[in-house]
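Thanks, everyone. I'll take a few single residues, then the two chains, then the contact between them. Here it is.

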Amino acid sequence: MNIEEIRKQFPILHQEVNGHPLVYLDSAATSQKPRSVIEAVKRYYEYDNSNVHRGVHTLGSRATDAYEGARARVAEFIGSPSPEQIIFTRGTTSALNLVASGYAPSVLEEGDEIVITPMEHHSNLIPWQQAAKRSGAVLKYIPLQPDGSISLEDVEKTITDRTKIVSVMYVSNVLGVINPIKEITEIAHRSGAVMVVDGAQSTPHMKIDVQALDCDFYALSGHKMCGPTGIGALYGRKSLLENMEPIEFGGEMIDFVDLQDSTWKDIPWRFEAGTPIIAGAIGLAAAIDFLEEIGLDNIDRHEKELAAYAYGKLSEIDGITIYGPREGRVGLITFNLDDVHPHDVATALDSEGIAVRAGHHCCQPLMRWLDVSATARASFYLYNTEQDVDALAASLLRTKEFFGHAIG
Amino acid sequence: MQLDDLYRRVIMDHYKNPRNRGTMDEDAVTINLNNPTCGDRISLQLQLEGDVVKQAKFTGEGCSISMSSASMMTEAVKGRTLEEAYAMADRFSSLMKGEPVEFEELEDIESLSGVNKFPARIKCATLAWNALRKGVEAQGK
């Protein structure tokens, strides 16, 4: 994997920020976009732009072919048996909301259980809180180990015969930990529960096969995997999708409309009311082409090496706390420096052109579990290098010195 | 962009030695406010004597900018009427927009003018002042 060649394909990386070369370490928030993705979106708007599924004219056919081609591309990318099992959404959040509002009400009764974990992103937590409140179901949490990982023993203990839905993130956006999704799915299925996977942080970084995982729903975001913002997807098992209710109604999703009643199109179109995210889907397909050309296994290996290097390098800094397990993690490091608030850390790093995230990372319950109000996070992707990690470590030392002096 | 522009000595002094940090047992107006985008939170208490802020105290968690701003605000607001306090909060908003305003009540506040060049941090600086505004508004002013 030639990182220099890869970096050349990302126009945004070649700029100075605050007088320093940009070091972008915030890909877990959103990844940068390669030229091929930007060009695919541009080309669509310049040559093929038209509404889909309705035009008799040539542009309409081209747009429809490209949009449906993108669906097939996503299906193939995550191992979905058919393109019809891929619903385009605005992102992971709306995909998970669709399951919680469209599917969950049909199976949840008072006293039933929804099982999640305290490390979930708000997008895989609040939809379930709401679903529990509406149905009278109980929202239960699989406890975390001291290092932030999940033990299967705890999974076994938490999931019962009353559990109807289990929803867990594949990779934590804070702890970096990779959760044992296949094993959790097995346990969920044994109790007759449906398994939902939040794939926002896993899909960009590792080969995904929804059939091998055997999960029932899988949600992903395009913008974290080199694609545009505003596009994501929900994979669902066919029998479940066929029984799921649409949560948005209007154009594009109907079969027959009468004054008092209407019928829906087949899956997946019944879940895509209104003009869909055509350019976004086309951009996402281009992102998949880009990632597959490099190879997900190569990306995975590169990031794990970078994570190990960063973990070693950063843990040498006096007064740093790194959260999450050392092993079995993806390329992100969440940390705090003693006596320096993470916002101040992020501002200090930014003054040297280094972009990191600071805050609660949309994981307030996890922050409370970690007993912190906020953390800083550096996250890596295929375009990051060991030099980026070195720049981060050096800048953190200067940050410590600056605030040590200012406060001390 | 220089860090010294933002983190002036006086700011770091208020961060390290916050004035009026703590709670009051007396009958005080309490305002809790979060900055949901970053997790900063403040609990501000105002002890009123008629229309005048007799004492102000705060607790909370946040960065050097939000906590020093709270320290300065509570210091400046003591002895002021609710109207004066509200007007000061307005003046602080102007300061955050880069407008030249003065704080005769407490010159230290002017040291936060550098935040204007760090747009991502303006919300940190205004948290305590927004709590003050809410506190005044709750008194029907």
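A:Asp214 is partly exposed, because its relative accessible area is 34%. Keep in mind that this is a predicted model. A:Asp214 sits in the loop between helix H8, residues 210-213, and strand S9, residues 217-221, of chain A. Look at its backbone. Phi is positive, about 70 degrees, and A:Asp214 is not a glycine.

Next, A:Cys362. Here too phi is positive, at about 55 degrees, and again the residue is not a glycine. A:Cys362 lies in the loop between strand S16, residues 357-359, and helix H13, residues 364-370, of chain A. Is A:Cys362 buried or partly exposed? Its relative accessible area is 25%, so it counts as partly exposed. The cut-off for buried is under 20%.

One more backbone point. The peptide bond between A:Ile267 and A:Pro268 is cis, with omega at about 0 degrees. A:Pro268 belongs to the loop between S12 and H10 of chain A.

Stay with that loop. A:Glu272 is placed between strand S12, residues 262-264, and helix H10, residues 278-294. Why does A:Glu272 count as buried? Because its relative accessible area is 7%, and buried means under 20%.

What does the side chain of A:Glu272 make a polar contact with? The partner is the side chain of A:Arg71, at 2.8 Å. There is a backbone partner to point out as well. The backbone nitrogen of A:Phe88 is 2.7 Å from a polar atom of the A:Glu272 side chain.

Now the surroundings of A:Glu272. Set aside neighbours within four places in sequence. The residues in contact with A:Glu272 are then A:Tyr67, A:Arg71, A:Ile86, A:Ile87, A:Phe88, A:Gly251, A:Glu252 and A:Met253. For a sense of distance, take A:Leu396. A:Glu272 and A:Leu396 are 124 residues apart in sequence. In space, C-alpha to C-alpha, they are 46 Å apart.

On to A:Thr375. This residue is in strand S17 of chain A, residues 375-379. A:Thr375 has a relative accessible area of 0%, so it is buried. Its side chain makes a polar contact with the side chain of A:His361, at 2.7 Å. Leaving out neighbours within four places in sequence, the contacts of A:Thr375 include A:Tyr323, A:Thr334, A:Phe335, A:Asn336 and A:Pro342. A:Arg357, A:Ala358, A:Gly359 and A:Met367 are also among them.

Now zoom out to chain A. How many helices and strands does chain A have? There are 14 helices and 17 strands. The radius of gyration is 22 Å, close to the 22 Å that the globule rule gives for 408 residues, so chain A is as compact as a globular protein of that length. The C-alpha trace spans about 75 × 55 × 35 Å along its principal axes. Of the 408 residues in chain A, 60% are buried. Take contacts in chain A with a separation of 6 or more. Residues 24 or more positions apart account for 71% of those.

Chain B next. Chain B has 5 helices and 3 strands. Along the sequence, the pattern is α-α-β-β-β-α-α-α. The radius of gyration of chain B is 14 Å, close to the 14 Å of the globule rule for 141 residues, so chain B is as compact as a globular protein of that length. Its C-alpha trace spans about 45 × 30 × 25 Å along the principal axes. Buried residues are 48% of the 141 in chain B. Among contacts between residues at least 6 apart in sequence, 61% join residues at least 24 apart.

Last, the two chains together. The buried area between them is about 1,600 Å², with 59% from carbon and sulfur atoms.

What about polar links? Between chain B and chain A there are 7 residue pairs in polar contact, both residues at pLDDT 80 or more. The salt bridge count is 1. A:Asp344 pairs with B:Arg121 in a salt bridge, and the closest N and O atoms are 2.8 Å apart.

Methods: Residues are numbered from 1 along each chain as its sequence is written. Chains are lettered from A and ligands numbered from 1 in the order in which they are written. Side-chain values use heavy atoms; hydrogens and water are left out. Buried area is the accessible area (1.4 Å probe) that two parts lose on being put together, summed over both. A salt bridge is a side-chain nitrogen of Lys or Arg within 4 Å of a carboxyl oxygen of Asp or Glu. A polar contact is a pair of N or O atoms within 3.5 Å; within protein, one must be able to donate a hydrogen and the other to accept it, and residues adjacent in sequence count only if both atoms are side-chain atoms. Helices (H or I, at least four residues) and strands (E, at least two) are DSSP runs, numbered from the N terminus. The radius of gyration is taken over C-alpha atoms; the globule rule is 2.2 Å times the number of residues to the power 0.38. Buried means under 20% relative accessible area, exposed over 50%, partly exposed in between (1.4 Å probe, protein chains only). Contact means heavy atoms within 4.5 Å.
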